[in-house]
Amino acid sequence: MNLLSRDGGRLVFHLTRREHYLLRVLLRLARRGRRTHAPLSRAVDDPLAAAAAEAFAAGIVAHHDRTRSEAEAWLKDPRRCIRGRGGSFGLTLTPSETETLLQAINAARVGAWESLGSPDFEMGERIQADPTNLRAVVTMGLAEQFVGELLRALHETD
Amino acid sequence: MPTTVEPPTVPAPVVTPGESTRTTRDPGYLVVCWNDPVNLMPYVTHVFQTVFGWDRRKAERHMLEVHNQGRSVLVRESLEEAQVHVHKLQGYSLQATLERDDA
């Protein structure tokens, strides 16, 4: 995945056929959903925050569902994700849509990490080497590559 | 020719018993971002830039504060504004919360 051009504020990305497929797989994996979200507040003695917590949590879940669904729809839309020669794709997104795709892919990465038990690798925590965990590790690595490309594209003019 | 101008009479402030001058800020809410072992440092910097409109230097300073100290207070706002910002940050999967600031 790389940025081909910025055209009138829109970003045009080149995706190989493999990248297009893997992005869709990533988003499909993310559809299983993250299991946990941070609370609105960690304080236990704030009635105002407590009153808003339930609606807030529902709003976050809905937000992640929406970003993932939108990103999936863009990748399927033949007017937005145009198939070129050799099976590669040209995906056109506004900067705002690129942010949405970034959120959806990062959520897939965080979801994979949570499925591993939220380990802190930097602190030396290790995971069991089994096929399920391996899939999650690969998902994280794959998502990390796409996140890196999207960040580069968004900051290319910095 | 210069003339002498009488200064206007300024009424003395009316002090109502029981009222006092406010010496503390309005109660507000702090938007706090917590460290997590999963989100990438450039990603967190980007999110701060995007959500708060900060330049890269300020965003990186807060990102490093999160990374090195475990948390960073990002802004202080009303409850409603703080909720909006926490929602945006959590939309990016950051560990953001709000806490009341009575100081």
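1. Is S93(B) buried or exposed? In this predicted model, S93(B) is buried, since its relative accessible area of 4% falls under the 20% limit that applies to buried residues. The residue lies in the loop of chain B that runs between α3 (79-91) and β3 (95-101), and although S93(B) is not a glycine, its phi is positive, at about 70 degrees.

2. A positive phi in a residue other than glycine also occurs in chain A, where S118(A) has a value of about 55 degrees. S118(A) belongs to the loop that links α3 and α4 (131-154) of chain A. With a relative accessibility of 31%, S118(A) counts as partly exposed, because this value lies between the limits of 20% and 50%.

3. Turning to helix packing in chain A, helix α1 (residues 17-30) packs with helix α3 (residues 95-115) at an angle of about 65 degrees, and the two axes are 9 Å apart. The crossing of α1(A) and α3(A) is left-handed.

4. On the side of α1(A), the residues that make this contact are L23(A), L26(A), L27(A) and A30(A), while α3(A) contributes A104(A), I105(A) and A108(A). Sorted by class, the contact of α1(A) with α3(A) comprises seven nonpolar residues, with no polar and no charged residues.

Notes: Residues numbered from 1 in each chain as written. Chains lettered and ligands numbered in written order. Predicted model: local features only at pLDDT ≥ 70, side-chain atom pairs only at ≥ 80, totals over all residues. Heavy atoms only, no water. Axes fitted to C-alpha atoms, helices over the stretch in contact; angles between N-to-C directions. Helix = DSSP H or I, 4+ residues; strand = E, 2+ residues; numbered from the N terminus. Left-handed = near helix turned anticlockwise from the far one by under 90°. Contact = heavy atoms within 4.5 Å. Nonpolar A, V, L, I, M, F, W, Y, C, P; charged D, E, K, R; others polar. Buried < 20%, exposed > 50% of the residue type's maximum accessible area, 1.4 Å probe, protein only.
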